[in-house]
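My entries follow the structure.

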Amino acid sequence: LANARANFAHAAALEHAPEIAARLATLLDWTVGEHARLAPLLAQRKRDGQVREGHGDLHLANMVVHRGRVTVFDCIEFNPALRWNDVLSEIAFTMMDLRHRGRGDLAQRFLNDYLEDTGDYGGLAALPWFLVYRAMVRAKIAAIRAAQADAGTATAEHRDFLAHLALAESYAAPRARALVITCGASGSGKSHAARALAATGDWIRIRSDVERKRLAGLARFTPSDSGTDDGLYTPERGAQTYARLAGLARDVLAAGWPVILDGTFLRRAQRQAMRDLAGAAGVPFAILAPDTPDTVMRERVVQRAAAGGDPSEATPDVLERQLATRETLASDELRCAVRVEAGRPLDGPA
(Lines give C-alpha, C1' and ligand atoms only; values in the text may rest on other atoms or scores of the structure.)
Protein backbone atom coordinates (compact mmCIF):
# COMPACT_ATOMS: atom_id res chain seq x y z
CA LEU A 1 0.00 0.00 0.00
CA ALA A 2 2.90 2.36 0.73
CA ASN A 3 4.27 1.71 -2.77
CA ALA A 4 0.83 2.33 -4.28
CA ARG A 5 0.40 5.57 -2.36
CA ALA A 6 3.84 6.69 -3.53
CA ASN A 7 2.79 6.27 -7.17
CA PHE A 8 -0.09 8.69 -6.65
CA ALA A 9 2.02 11.11 -4.63
CA HIS A 10 4.62 11.38 -7.41
CA ALA A 11 1.96 11.72 -10.12
CA ALA A 12 -0.15 14.25 -8.18
CA ALA A 13 2.87 16.42 -7.32
CA LEU A 14 3.06 17.43 -10.98
CA GLU A 15 0.78 20.02 -12.52
CA HIS A 16 -2.41 18.54 -13.93
CA ALA A 17 -5.70 19.88 -15.17
CA PRO A 18 -8.42 19.77 -12.47
CA GLU A 19 -10.15 16.90 -14.26
CA ILE A 20 -6.97 14.78 -14.17
CA ALA A 21 -6.36 15.63 -10.52
CA ALA A 22 -9.90 14.52 -9.70
CA ARG A 23 -9.41 11.24 -11.54
CA LEU A 24 -6.19 10.57 -9.62
CA ALA A 25 -7.94 11.33 -6.32
CA THR A 26 -10.81 8.98 -7.15
CA LEU A 27 -8.44 6.17 -8.09
CA LEU A 28 -6.38 6.70 -4.93
CA ASP A 29 -9.55 6.41 -2.83
CA TRP A 30 -10.39 3.16 -4.63
CA THR A 31 -6.85 1.85 -4.06
CA VAL A 32 -6.93 2.55 -0.32
CA GLY A 33 -10.45 1.21 0.12
CA GLU A 34 -9.84 -1.97 -1.86
CA HIS A 35 -6.61 -2.63 0.01
CA ALA A 36 -8.51 -2.45 3.30
CA ARG A 37 -11.17 -4.81 1.97
CA LEU A 38 -8.57 -7.25 0.68
CA ALA A 39 -6.32 -7.15 3.75
CA PRO A 40 -7.45 -10.54 5.13
CA LEU A 41 -6.95 -12.22 1.75
CA LEU A 42 -3.53 -10.63 1.23
CA ALA A 43 -2.42 -11.68 4.71
CA GLN A 44 -3.62 -15.24 4.09
CA ARG A 45 -1.74 -15.36 0.80
CA LYS A 46 1.44 -14.33 2.59
CA ARG A 47 0.92 -17.10 5.16
CA ASP A 48 0.37 -19.54 2.29
CA GLY A 49 3.71 -18.65 0.70
CA GLN A 50 2.38 -16.52 -2.15
CA VAL A 51 4.67 -13.61 -1.25
CA ARG A 52 8.07 -14.41 -2.73
CA GLU A 53 11.31 -12.86 -3.86
CA GLY A 54 10.80 -12.32 -7.56
CA HIS A 55 11.69 -9.94 -10.37
CA GLY A 56 9.81 -6.84 -9.26
CA ASP A 57 9.69 -5.13 -12.66
CA LEU A 58 8.23 -7.74 -14.99
CA HIS A 59 7.05 -5.58 -17.90
CA LEU A 60 7.79 -6.39 -21.52
CA ALA A 61 10.83 -4.12 -21.87
CA ASN A 62 12.58 -6.41 -19.39
CA MET A 63 11.98 -9.53 -21.49
CA VAL A 64 13.67 -10.83 -24.62
CA VAL A 65 13.23 -13.94 -26.76
CA HIS A 66 16.62 -15.65 -26.46
CA ARG A 67 17.28 -18.98 -28.17
CA GLY A 68 13.57 -19.55 -28.58
CA ARG A 69 12.61 -18.84 -24.97
CA VAL A 70 11.30 -15.76 -23.19
CA THR A 71 14.11 -14.65 -20.88
CA VAL A 72 13.67 -11.95 -18.24
CA PHE A 73 16.44 -9.59 -17.14
CA ASP A 74 17.05 -6.37 -15.18
CA CYS A 75 15.29 -7.42 -11.99
CA ILE A 76 15.17 -4.96 -9.09
CA GLU A 77 18.24 -6.02 -7.12
CA PHE A 78 18.71 -2.68 -5.32
CA ASN A 79 15.49 -2.68 -3.28
CA PRO A 80 14.20 -5.88 -1.65
CA ALA A 81 10.87 -4.17 -0.84
CA LEU A 82 10.17 -3.88 -4.56
CA ARG A 83 11.12 -7.42 -5.51
CA TRP A 84 9.34 -9.19 -2.62
CA ASN A 85 5.80 -9.39 -3.97
CA ASP A 86 2.66 -11.39 -4.04
CA VAL A 87 3.16 -13.51 -7.15
CA LEU A 88 0.01 -11.98 -8.64
CA SER A 89 1.73 -8.59 -8.57
CA GLU A 90 4.37 -9.98 -10.92
CA ILE A 91 1.72 -11.54 -13.16
CA ALA A 92 -0.23 -8.25 -13.14
CA PHE A 93 2.71 -6.21 -14.47
CA THR A 94 3.08 -8.44 -17.53
CA MET A 95 -0.68 -8.56 -18.09
CA MET A 96 -0.99 -4.79 -17.81
CA ASP A 97 1.82 -4.15 -20.26
CA LEU A 98 0.43 -6.62 -22.80
CA ARG A 99 -2.95 -4.89 -22.68
CA HIS A 100 -1.35 -1.44 -22.90
CA ARG A 101 0.36 -2.60 -26.09
CA GLY A 102 -2.92 -3.75 -27.59
CA ARG A 103 -2.60 -7.46 -26.82
CA GLY A 104 -5.30 -8.05 -24.27
CA ASP A 105 -5.76 -11.50 -25.82
CA LEU A 106 -2.22 -12.47 -24.81
CA ALA A 107 -2.70 -10.94 -21.36
CA GLN A 108 -5.68 -13.18 -20.70
CA ARG A 109 -3.97 -16.23 -22.18
CA PHE A 110 -0.97 -15.58 -19.94
CA LEU A 111 -3.24 -15.34 -16.89
CA ASN A 112 -5.18 -18.49 -17.73
CA ASP A 113 -2.02 -20.51 -18.34
CA TYR A 114 -0.64 -19.30 -15.01
CA LEU A 115 -3.85 -20.30 -13.26
CA GLU A 116 -3.86 -23.73 -14.90
CA ASP A 117 -0.27 -24.32 -13.79
CA THR A 118 -0.76 -23.13 -10.21
CA GLY A 119 -4.45 -23.43 -9.37
CA ASP A 120 -4.22 -19.93 -7.84
CA TYR A 121 -7.87 -19.08 -8.51
CA GLY A 122 -8.31 -17.95 -4.93
CA GLY A 123 -6.21 -14.85 -5.62
CA LEU A 124 -8.42 -13.49 -8.41
CA ALA A 125 -10.25 -11.16 -6.04
CA ALA A 126 -6.97 -9.31 -5.46
CA LEU A 127 -5.77 -9.25 -9.07
CA PRO A 128 -7.55 -6.00 -10.09
CA TRP A 129 -5.82 -4.19 -7.22
CA PHE A 130 -2.43 -5.35 -8.46
CA LEU A 131 -3.34 -4.44 -12.05
CA VAL A 132 -4.23 -0.89 -10.97
CA TYR A 133 -1.02 -0.68 -8.95
CA ARG A 134 1.13 -1.74 -11.88
CA ALA A 135 -0.62 0.59 -14.32
CA MET A 136 0.00 3.46 -11.93
CA VAL A 137 3.69 2.53 -11.67
CA ARG A 138 3.99 3.22 -15.39
CA ALA A 139 1.71 6.28 -15.20
CA LYS A 140 3.94 7.77 -12.50
CA ILE A 141 7.09 7.16 -14.54
CA ALA A 142 5.51 8.73 -17.64
CA ALA A 143 4.38 11.77 -15.61
CA ILE A 144 7.86 12.29 -14.17
CA ARG A 145 9.44 11.98 -17.61
CA ALA A 146 6.94 14.43 -19.05
CA ALA A 147 7.91 17.00 -16.40
CA GLN A 148 11.61 16.57 -17.18
CA ALA A 149 11.45 16.38 -21.00
CA ASP A 150 11.52 18.98 -23.73
CA ALA A 151 8.26 20.06 -25.34
CA GLY A 152 8.18 17.42 -28.07
CA THR A 153 9.04 14.48 -25.82
CA ALA A 154 6.82 15.78 -23.03
CA THR A 155 3.74 15.51 -25.25
CA ALA A 156 4.41 11.81 -25.97
CA GLU A 157 5.12 11.09 -22.29
CA HIS A 158 1.92 12.88 -21.28
CA ARG A 159 -0.06 10.72 -23.71
CA ASP A 160 1.58 7.67 -22.13
CA PHE A 161 0.61 8.93 -18.68
CA LEU A 162 -3.01 9.40 -19.74
CA ALA A 163 -3.12 5.96 -21.40
CA HIS A 164 -1.89 4.24 -18.25
CA LEU A 165 -4.25 6.26 -16.07
CA ALA A 166 -7.18 5.19 -18.24
CA LEU A 167 -5.98 1.59 -18.10
CA ALA A 168 -5.82 1.73 -14.31
CA GLU A 169 -9.36 3.13 -14.20
CA SER A 170 -10.60 0.30 -16.42
CA TYR A 171 -9.14 -2.28 -14.02
CA ALA A 172 -10.87 -0.60 -11.08
CA ALA A 173 -14.26 -0.79 -12.82
CA PRO A 174 -16.49 -3.83 -12.26
CA ARG A 175 -16.34 -6.49 -14.95
CA ALA A 176 -19.40 -8.01 -16.60
CA ARG A 177 -19.81 -11.50 -15.14
CA ALA A 178 -21.25 -14.58 -16.85
CA LEU A 179 -20.97 -18.36 -16.70
CA VAL A 180 -20.36 -20.29 -19.92
CA ILE A 181 -19.89 -24.03 -20.18
CA THR A 182 -18.77 -26.07 -23.16
CA CYS A 183 -20.66 -29.12 -24.36
CA GLY A 184 -19.09 -31.67 -26.62
CA ALA A 185 -17.25 -34.97 -26.77
CA SER A 186 -13.48 -35.24 -26.90
CA GLY A 187 -12.07 -33.84 -30.13
CA SER A 188 -15.09 -31.63 -30.77
CA GLY A 189 -13.02 -28.46 -30.53
CA LYS A 190 -14.57 -27.27 -27.27
CA SER A 191 -11.21 -26.39 -25.70
CA HIS A 192 -10.20 -24.43 -28.79
CA ALA A 193 -13.50 -22.54 -28.73
CA ALA A 194 -13.21 -21.88 -24.99
CA ARG A 195 -9.69 -20.56 -25.38
CA ALA A 196 -10.74 -18.32 -28.26
CA LEU A 197 -13.63 -16.93 -26.23
CA ALA A 198 -11.37 -16.38 -23.21
CA ALA A 199 -9.09 -14.19 -25.33
CA THR A 200 -11.95 -11.79 -26.18
CA GLY A 201 -12.27 -10.31 -22.70
CA ASP A 202 -11.69 -10.96 -19.01
CA TRP A 203 -12.76 -14.61 -19.07
CA ILE A 204 -11.26 -17.12 -16.67
CA ARG A 205 -11.12 -20.54 -18.32
CA ILE A 206 -11.15 -23.64 -16.12
CA ARG A 207 -10.48 -27.02 -17.74
CA SER A 208 -11.93 -30.25 -16.39
CA ASP A 209 -8.91 -32.24 -17.66
CA VAL A 210 -6.55 -30.04 -15.63
CA GLU A 211 -8.65 -29.99 -12.45
CA ARG A 212 -9.18 -33.75 -12.60
CA LYS A 213 -5.41 -34.19 -12.50
CA ARG A 214 -4.95 -31.51 -9.84
CA LEU A 215 -7.31 -33.42 -7.53
CA ALA A 216 -5.00 -36.42 -7.94
CA GLY A 217 -1.87 -34.33 -7.30
CA LEU A 218 -0.74 -34.40 -10.94
CA ALA A 219 0.49 -31.52 -13.10
CA ARG A 220 -1.60 -30.71 -16.14
CA PHE A 221 0.68 -32.43 -18.66
CA THR A 222 1.55 -35.45 -16.49
CA PRO A 223 -0.09 -38.64 -17.83
CA SER A 224 -2.13 -40.59 -15.31
CA ASP A 225 -2.03 -43.88 -17.26
CA SER A 226 -5.72 -44.34 -16.49
CA GLY A 227 -8.01 -46.67 -18.43
CA THR A 228 -11.49 -45.96 -19.71
CA ASP A 229 -13.19 -46.76 -16.41
CA ASP A 230 -10.37 -46.72 -13.88
CA GLY A 231 -7.82 -44.37 -12.36
CA LEU A 232 -8.94 -40.78 -12.89
CA TYR A 233 -11.91 -41.82 -15.03
CA THR A 234 -14.16 -43.68 -12.62
CA PRO A 235 -17.67 -42.28 -12.03
CA GLU A 236 -16.58 -41.20 -8.55
CA ARG A 237 -13.63 -39.24 -9.94
CA GLY A 238 -15.89 -37.68 -12.53
CA ALA A 239 -18.33 -36.51 -9.86
CA GLN A 240 -15.48 -35.03 -7.82
CA THR A 241 -14.16 -33.20 -10.88
CA TYR A 242 -17.50 -31.61 -11.73
CA ALA A 243 -18.04 -30.67 -8.08
CA ARG A 244 -14.67 -28.93 -8.19
CA LEU A 245 -15.62 -27.09 -11.37
CA ALA A 246 -18.78 -25.87 -9.68
CA GLY A 247 -16.88 -24.71 -6.60
CA LEU A 248 -14.27 -22.88 -8.64
CA ALA A 249 -16.93 -21.26 -10.83
CA ARG A 250 -18.76 -20.04 -7.73
CA ASP A 251 -15.54 -18.58 -6.28
CA VAL A 252 -14.44 -16.93 -9.53
CA LEU A 253 -17.85 -15.32 -10.02
CA ALA A 254 -17.82 -14.11 -6.42
CA ALA A 255 -14.39 -12.60 -7.08
CA GLY A 256 -15.93 -10.56 -9.89
CA TRP A 257 -14.80 -12.39 -13.04
CA PRO A 258 -16.66 -14.11 -15.90
CA VAL A 259 -15.86 -17.80 -16.17
CA ILE A 260 -15.78 -20.52 -18.84
CA LEU A 261 -15.92 -24.15 -17.72
CA ASP A 262 -14.21 -26.29 -20.34
CA GLY A 263 -15.52 -29.83 -19.97
CA THR A 264 -17.62 -32.30 -21.91
CA PHE A 265 -20.87 -31.66 -19.97
CA LEU A 266 -22.53 -34.47 -21.89
CA ARG A 267 -25.20 -35.07 -19.21
CA ARG A 268 -28.21 -32.81 -18.85
CA ALA A 269 -27.91 -32.98 -15.06
CA GLN A 270 -24.36 -31.63 -15.26
CA ARG A 271 -25.46 -28.74 -17.45
CA GLN A 272 -28.49 -27.98 -15.30
CA ALA A 273 -26.35 -27.81 -12.18
CA MET A 274 -24.23 -25.08 -13.77
CA ARG A 275 -27.31 -23.29 -15.05
CA ASP A 276 -28.68 -23.28 -11.52
CA LEU A 277 -25.34 -21.98 -10.21
CA ALA A 278 -25.47 -19.09 -12.68
CA GLY A 279 -29.02 -18.32 -11.61
CA ALA A 280 -28.06 -18.28 -7.94
CA ALA A 281 -25.17 -15.91 -8.74
CA GLY A 282 -27.43 -13.69 -10.82
CA VAL A 283 -25.30 -13.90 -13.96
CA PRO A 284 -26.06 -14.84 -17.60
CA PHE A 285 -25.56 -18.45 -18.64
CA ALA A 286 -24.64 -19.91 -22.03
CA ILE A 287 -23.55 -23.21 -23.53
CA LEU A 288 -20.70 -23.20 -26.07
CA ALA A 289 -21.46 -26.17 -28.31
CA PRO A 290 -19.09 -27.04 -31.19
CA ASP A 291 -20.97 -28.59 -34.11
CA THR A 292 -18.42 -31.23 -35.15
CA PRO A 293 -19.01 -34.44 -37.14
CA ASP A 294 -18.22 -37.68 -35.30
CA THR A 295 -15.69 -38.64 -37.97
CA VAL A 296 -13.73 -35.43 -37.35
CA MET A 297 -13.72 -36.07 -33.60
CA ARG A 298 -12.38 -39.58 -34.14
CA GLU A 299 -9.55 -38.25 -36.30
CA ARG A 300 -8.65 -35.53 -33.83
CA VAL A 301 -8.51 -37.85 -30.84
CA VAL A 302 -6.13 -40.18 -32.64
CA GLN A 303 -3.94 -37.29 -33.79
CA ARG A 304 -3.86 -35.67 -30.35
CA ALA A 305 -2.94 -38.89 -28.60
CA ALA A 306 -0.09 -39.41 -31.05
CA ALA A 307 1.18 -35.84 -30.68
CA GLY A 308 1.00 -35.68 -26.87
CA GLY A 309 1.45 -32.43 -24.97
CA ASP A 310 -2.21 -31.98 -24.05
CA PRO A 311 -3.88 -32.39 -20.63
CA SER A 312 -6.61 -34.51 -22.22
CA GLU A 313 -6.05 -38.27 -22.07
CA ALA A 314 -9.07 -39.21 -24.14
CA THR A 315 -8.58 -42.35 -26.24
CA PRO A 316 -10.68 -43.65 -29.13
CA ASP A 317 -12.42 -45.97 -26.63
CA VAL A 318 -13.26 -43.02 -24.37
CA LEU A 319 -14.66 -41.09 -27.31
CA GLU A 320 -16.85 -43.99 -28.41
CA ARG A 321 -18.24 -44.26 -24.88
CA GLN A 322 -19.01 -40.53 -24.91
CA LEU A 323 -20.73 -40.69 -28.29
CA ALA A 324 -22.87 -43.62 -27.19
CA THR A 325 -24.00 -42.07 -23.90
CA ARG A 326 -24.19 -38.30 -24.63
CA GLU A 327 -27.45 -36.52 -23.97
CA THR A 328 -28.25 -33.95 -26.64
CA LEU A 329 -29.28 -30.42 -25.77
CA ALA A 330 -32.95 -30.07 -24.90
CA SER A 331 -35.09 -27.32 -26.40
CA ASP A 332 -34.65 -25.01 -23.41
CA GLU A 333 -30.89 -25.56 -23.56
CA LEU A 334 -30.76 -24.75 -27.26
CA ARG A 335 -32.11 -21.30 -26.48
CA CYS A 336 -28.95 -20.47 -24.54
CA ALA A 337 -26.55 -22.41 -26.76
CA VAL A 338 -23.90 -20.86 -29.02
CA ARG A 339 -23.10 -23.15 -31.93
CA VAL A 340 -19.56 -23.15 -33.28
CA GLU A 341 -18.83 -24.79 -36.61
CA ALA A 342 -15.99 -27.31 -36.71
CA GLY A 343 -12.67 -25.58 -37.35
CA ARG A 344 -14.17 -22.07 -37.41
CA PRO A 345 -12.43 -19.57 -35.10
CA LEU A 346 -14.57 -17.76 -32.58
CA ASP A 347 -14.44 -14.07 -33.46
CA GLY A 348 -16.14 -12.56 -30.45
CA PRO A 349 -17.84 -13.17 -27.13
CA ALA A 350 -21.01 -15.19 -26.82
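Predicted model: local features only at pLDDT ≥ 70, side-chain atom pairs only at ≥ 80, totals over all residues.

I looked up the largest nonpolar core and found 66 residues in it, with Leu124, Leu179 and Leu261 having the most contacts inside it. Helix 6, residues 127-148, supplies the largest share of this core, 12 residues. I then listed the neighbours of Leu179, leaving out residues up to four places away in sequence; among them are Ala249, Leu253, Val259, Leu261, Met274 and Phe285. I also found a second, separate core of 11 residues, which includes Ala194, Ile260, Ala286 and Leu288.

I checked how helix 2, residues 18-47, packs on helix 6: the angle is about 140°, and the axes are 10 Å apart. Helix 2 therefore counts as oblique to helix 6. The crossing is left-handed. From helix 2 the contact uses Leu24, Leu27, Trp30, Thr31, Glu34, His35, Leu38 and Leu42, and from helix 6 it uses Pro128, Trp129, Phe130, Val132 and Met136. I sorted the residues of this contact into 10 nonpolar, two polar and one charged.

Is Ser224 buried or exposed? Ser224 counts as buried because its relative accessibility is 18%, and the cut-off for buried is under 20%. I located Ser224 in the loop between helix 9 (208-215) and helix 10 (235-254). Beyond four places in sequence, Ser224 is in contact with Leu218, Leu232, Tyr233 and Glu313.

Note on methods: Residues numbered from 1 in each chain as written. Heavy atoms only, no water. Core = buried A, V, L, I, M, F, W, Y, C linked by side-chain atoms within 4.5 Å. Buried < 20%, exposed > 50% of the residue type's maximum accessible area, 1.4 Å probe, protein only. Helix = DSSP H or I, 4+ residues; strand = E, 2+ residues; numbered from the N terminus. Contact = heavy atoms within 4.5 Å. Axes fitted to C-alpha atoms, helices over the stretch in contact; angles between N-to-C directions. Parallel < 35°, antiparallel > 145°, perpendicular 65-115°, else oblique. Left-handed = near helix turned anticlockwise from the far one by under 90°. Nonpolar A, V, L, I, M, F, W, Y, C, P; charged D, E, K, R; others polar.
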